[in-house]
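Okay, thanks for coming, everyone. Let me put the structure up, and then I'll talk you through a pocket and a core.

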Amino acid sequence: MFSLNGTTFTDNSLCGISRCLTTQSRKRVSVPMVVVSSNGRAADGNVSVLMENTLKESVAVIEKDDFKSTVSGGVGDVYGEDTASEDQTITPWTFSVASGYSLLRDPHYNKGLAFSEKERDSHYLSGLLPPVVVDQELQVKKVMNVLRQYDVPLQRYMAMMDLQERNERLFYKLLMENVEELLPIVYTPTVGEACQKYGSIFKRPQGLFISLKEKGKILEVLKNWPEKKIQVIVVTDGERILGLGDLGCQGMGIPVGKLSLYTVLGGIRPSACLPVTIDVGTNNEKLLEDEFYIGLRQRRARGQEYAELLDEFMSSVKQTYGEKVLIQFEDFANHNAFDLLAKYGTSHLVFNDDIQGTASVVLAGLMAALNLVGGNLAQHTFLFLGAGEAGTGIAELIALEMSKQTGAPLEETRKKIWMVDSKGLIVRSRMESLQHFKMPWAHDHEPVKELVNAVKLIKPTILIGSSGTGKTFTKKWYEL
């Protein structure tokens with residue numbers, strides 16, 4: 001496969017010259033010429049590239065300002081807004097070759113035995129594959145048969161990751177046609193175990209690892225990623241991975257898995273997705289002592305050092321990919337999750353799945369239920385078990401919807417919602433010890449330690465569990 005920007009093709013050779021030189025630059029810069037030709041042997045996929053370029057001789061006469069971009073960052077290739085009117089002195093050449101043995105090692109284009117005989121001849125694959133040609137449907141059937149032979153979910157996860165690294169198209173077709181069966185493998189709950197053992201099963205990087213060592217040069221690090229048309233970034237610092245706590249750098253499995261869902265369920269191109277892990281250390285002693293741990297072996301950075309690294313990352317992302325790139329904060333600890341959302345919500349396109357994504361699903365469920373039983377949200381009293389990111393995020397969205405439906409102030413609709421955390425009912429007398437995101441839910445009431453007593457006193461009409469403790473609500477709760 002050849003891709004040569006701004007070129008003309010003749011017979012067995014490719015040649016091209018820049019067609020975007022300004023009149024002024026033509027007077028001072030010799031036009032670069034790129035000639036690409038095959039060696040003429042039908043069975044040989046080697047390609048030689050001859051470049052004749054006199055730019056080196058002309059550098060001295062080109063003013064430094066000529067190379068300054070008229071735009072600052074942006075993903076012009078995606079939206080066509082940044083470079084549409086930019087006056088470039090030299091057309092950026094892109095030249096890529098994917099054929100022969102290298103094609104079989106490229107997960108983006110490799111089709112394995114699904115390459116037709118014609119494709120094998122044209123891409124120099126003859127002899128590199130067995131003679132049989134199979135369609136993708138048979139490939140899917142074969143892989144599913146193999147996966148179902150594994151008894152351990154982690155083995156299935158590793159097999160799926162291996163497939164993604166060698167045949168991306170087959171990986172996504174397999175996942176799309178078997179969502180219910182494979183979703184728990186590539187994401188929760190299996191991905192949790194994969195993150196815990198990530199250092200031991202790590203084979204090939206699937207995203208960007210940005211650590212404190214890269215502080216001051218994150219912009220350059222982002223340029224190392226091969227894809228330039230990024231539309232979605234899922235980023236974590238690994239401090240609160242699912243219900244497993246601080247997994248540090250090994251939390252990378254979460255962004256990788258979540259972006260697989262963006263492609264399978266949302267239709268986003270895999271090449272437009274970028275998984276990122278911000279490594280600021282870990283407070284997990286077990287990981288720090290693990291010889292196979294792949295992250296920084298230090299305690300977590302806090303305060304200004306942490307804030308500066310995140311700020312550099314956010315500004316570098318915006319400069320590299322533009323302001324339209326979506327940044328999803330994933331599995332950050334409570335004390336950072338709300339602050340990051342508040343800090344960058346007005347300057348970047350951001351959202352937090354744990355706070356906002358979960359809330360939208362729960363609210364949708366409530367609205368659907370009300371369509372069956374009648375009434376509206378304002379007629380109900382809510383009691384939450386759990387007041388973390390998910391619980392307070394759900395509560396806030398419910399309060400906003402009630403305010404929208406009734407026209408009542410948000411402060412009033414919040415009074416319809418009560419929350420119980422590990423220390424009991426959240427009330428005003430606990431205000432001094434509450435985290436800031438819990439404060440809006442502290443109402444006037446006597447302290448209540450036990451959930452059962454809170455249910456008896458508040459008499460909620462809707463119970464919502466958002467804690468890490470399962471099977472708490474039983475039949476007796478509905479009879480209180």
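So, the second largest pocket in this predicted model has a volume of about 940 Å³. By pocket I mean an open set of points on a 1 Å grid over the protein atoms alone, where a 1.4 Å probe fits, with protein on both sides within 12 Å along at least five of seven lines; the volume is the space filled by probe spheres set on points joined across faces, edges and corners. Lining residues have an atom within 4 Å of a point.

There are 38 of those here, and R240, G388, E389, A390 and S466 sit closest to the centre. Helix α17 (353–373) gives the most, six residues; helices, by the way, are DSSP runs of H or I, at least four residues, and strands are E, at least two, numbered from the N terminus. By class, the lining has 16 polar, 11 charged and 11 nonpolar residues. Asp, Glu, Lys and Arg count as charged, Ala, Val, Leu, Ile, Met, Phe, Trp, Tyr, Cys and Pro as nonpolar, and the others, Gly among them, as polar.

Quick housekeeping: numbering starts from 1 along each chain as its sequence is written, and side-chain values use heavy atoms, with hydrogens and water left out. Local features need pLDDT of at least 70 and side-chain atom pairs 80 or more, while totals for chains, interfaces and linings use all residues.

Now F329: skipping neighbours within four places in sequence, F329 is in contact (heavy atoms within 4.5 Å) with V235, M314 and L340, among others.
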